[in-house]
Amino acid sequence: MAYLDISHVVRKFGGLVAVNDITVGLEQGEIFGLIGPNGSGKTTLFNAINNYYPANSGEIIFKGIPITRMSTHEICQLGIGRTFQVVKPLRRMTVLENVMAGAFLRTNSATKARDKALEILNFCELMPRKDVPAKDLPIADKKRMEIARSLAGDPELILLDETAAGLNLVEIEAAMTIVRKIRDSGITCFVVEHVMKFIMGISDRMMCINFGSEIARGTPREIASHPEVIKAYLGEEYAKGK
Amino acid sequence: MAKKSWFLPAILGIMAIAFPPFLGGYFQHVLILVMMWIAMATGWNLLGGYCGQASLGSAAFFGLGAYGAGLLYLHWGISPWWGMIAGPLLAIIAAIPIGLITFRLRGGYFTLSMLAVCEAMRIVFLNWVEMSEGPVGIVIARTWGYQKLPYYYMVLAIAALSLYVVYRLMKSKLGYYFVSIREDQDAAEGLGVPSTKYKMYALIPSAGIIGLAGAFYMNYMAYIEPAVVFPLIISAQMILTVMLGGPGTFWGPALGATIFILLSEVLRAFAGPVIGTVHYLLFALILVLVIMFLPNGIIGDWDKVKGAFRRKKPVYVGGE
């Protein structure tokens with residue numbers, strides 16, 4: 001059984017099948033990329049994993065433990081952290097306080113939480129921003145703060161939802177470095193992304209979905225040249241360019 | 001909080017201890033009300049200001065605290081001073097099922113469900129005559145007769161205790177989790193915060209503090225009835241004072257309660273014969289202005305308050 005085992009997950013919103021029978025397994029320590037056109041169900045799959053929107057059917061098993069019926073905070077305590085596509089900073093708290101809120105998952109001591117948060121801020125190169133209220137951060141730093149906040153809870157698997165969207169080229173390079181560093185520290189990464197430079201550059205394996213169903217799976221190179229993917233998403237020109 | 005910010009409160013604290021013996025009975029009475037409302041607003045702020053669960057029914061805990069003390073005397077002849085323990089305890093015990101039900105709702109729906117809870121309490125205490133004496137109410141003999149000073153120091157201690165409890169809570173993990181829930185409940189859940197559980201952790205001390213104020217009220221006023229301790233106006237006044245001073249700030253509720261009580265007494269004492277209860281209209285106006293110009297209250301928008309009194313420097317386009 002895979003480290004994170006998603007089998008036959010279905011999620012419907014009324015008549016719309018947002019996630020249609022997705023089955024995929026993640027191995028420990030890899031970066032797994034998930035791509036697909038807008039509205040193809042990527043974020044919905046994430047929401048099913050940590051139960052913001054429970055799956056209508058199918059099963060999700062993490063480290064051998066079924067998590068399909070667990071509540072969001074229990075899943076987080078089990079070791080699955082996440083970031084949000086539409087960033088959800090704790091707006092009126094400072095960056096340090098945001099990350100401390102994440103760190104309190106593993107400790108009850110404010111001193112320990114602060115130390116952990118400072119360590120993570122250092123890791124994510126956010127130290128200069130630590131006393132800025134989260135609402136005043138530029139988007140790139142908000143996204144980075146979300147990663148830091150999630151890492152502060154010592155996750156074993158992290159779900160990164162469009163970390164690179166809206167970032168410029170320099171910021172994308174920086175975000176890639178951080179995701180690689182996260183993986184090197186032993187955390188498995190499940191990444192949803194639209195920015196091809198980002199996801200093709202960091203993923204070990206990838207999957208492409210469209211209209212909620214899987215259309216291709218493989219290495220980034222295989223995905224980029226897969227005819228179904230090109231048809232659905234990337235466009236002829238991008239494929240030729242590769 | 002910076003060390004310097006303790007300087008002013010320390011001075012005020014010393015004044016609050018040293019001055020009242022030299023004041024007349026009426027002013028002592030006003031200060032007792034100020035301290036009682038500081039405790040209540042601070043208690044409300046824990047749940048409504050920090051944890052973001054604005055309750056329009058916290059008078060329920062005030063009334064339960066008051067009746068907790070009154071019923072002990074009524075049924076068993078026990079000194080209502082024991083109610084200072086029984087009152088808050090009753091408020092806390094009632095808060096648990098109330099929270100479990102109302103925290104299923106979010107935002108404005110929670111606010112309104114608390115209003116319903118409080119109204120239900122009022123109607124129960126009004127109609128269950130065998131238990132509460134209904135509209136007749138409960139009368140006790142005041143321990144210190146018409147002396148105000150002992151009551152003053154007692155309520156000063158209650159206010160100080162409530163500030164201390166909130167201060168300690170907000171410095172701990174609970175404080176961070178309360179604010180996380182207020183800022184974004186979904187994000188907090190995603191960080192592993194069991195939001196309903198932590199809302200309960202905010203509700204329980206909040207209900208306890210407000211209940212303690214209620215038990216004090218029974219002892220001080222020596223008379224309660226459902227219409228006096230469960231009315232909407234008490235719940236609303238808790239929100240009003242906190243909004244005025246600054247929701248989610250430590251000193252905001254205390255400042256708001258002080259301004260509110262002093263102002264309402266001044267208006268009642270001096271303008272009362274002329275305008276009657278029209279002073280509530282004035283408060284409504286003040287509240288509208290505060291919400292428009294200082295949405296975070298006087299403390300929360302302190303920079304704006306300071307800016308209004310500072311001379312504006314001319315702005316040169318493109319620098320000087």
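User: If the bend at a residue is the angle between axes fitted to the seven residues ending there and the seven starting there, where is the kink in α4(B)?
Analyst: The kink in α4(B) is at B:Ala95, amounts to about 30°, and comes shortly before the proline B:Pro97. Helices here are DSSP runs of H or I with at least four residues, and strands are runs of E with at least two, numbered from the N terminus. This is a predicted model, in which local features need pLDDT of at least 70 and side-chain atom pairs pLDDT 80 or more, while totals for chains, interfaces and linings use all residues. Residues are numbered from 1 along each chain as its sequence is written, with chains lettered from A and ligands numbered from 1 in the order written.

User: How far apart are the end C-alpha atoms of that helix, α4 of chain B?
Analyst: They are 27 Å apart, which agrees with the 28 Å that the 20 residues of α4 (residues 83-102) of chain B should span; the expected span is 1.5 Å times one less than the number of residues.

User: Switching topic, how many residues does each chain put into the contact?
Analyst: Chain B gives 17 residues and chain A gives 22, with contact meaning C-beta atoms, placed from the backbone, within 7 Å. On the chain B side, α8 (173-183) and α9 (185-190) each supply at least two residues. The largest share of that side, six residues, comes from α8(B).

User: And the sheet in chain A, what's its strand order?
Analyst: The order is β6-β7-β8-β3-β9-β10, an open sheet of six strands with mixed pairing; strands pair if DSSP finds at least two bridges between them. Strands β6 (80-82) and β10 (213-218) of chain A each have a single partner, so one side of each lacks a neighbour in the sheet. Inside the sheet, four bridges join the parallel strands β3 (residues 31-35) and β9 (residues 205-210) of chain A. In that part, A:Phe32 stands opposite A:Arg205 of β9(A).

User: Last one: is A:Arg11 buried or exposed?
Analyst: A:Arg11 is buried, because 22 other C-beta atoms lie within 10 Å. A:Arg11 belongs to strand β1 (residues 4-13) of chain A. Setting aside neighbours within four places in sequence, its contacts include A:Val19, A:Thr44, A:Tyr53 and A:Asn56.

Key. Two residues are in contact if their C-beta atoms, placed from the backbone, lie within 7 Å. The bend at a residue is the angle between axes fitted to the seven residues ending there and the seven starting there. A residue is buried if 20 or more other C-beta atoms lie within 10 Å of its own, exposed if 12 or fewer, and partly exposed in between; C-beta atoms are placed from the backbone.
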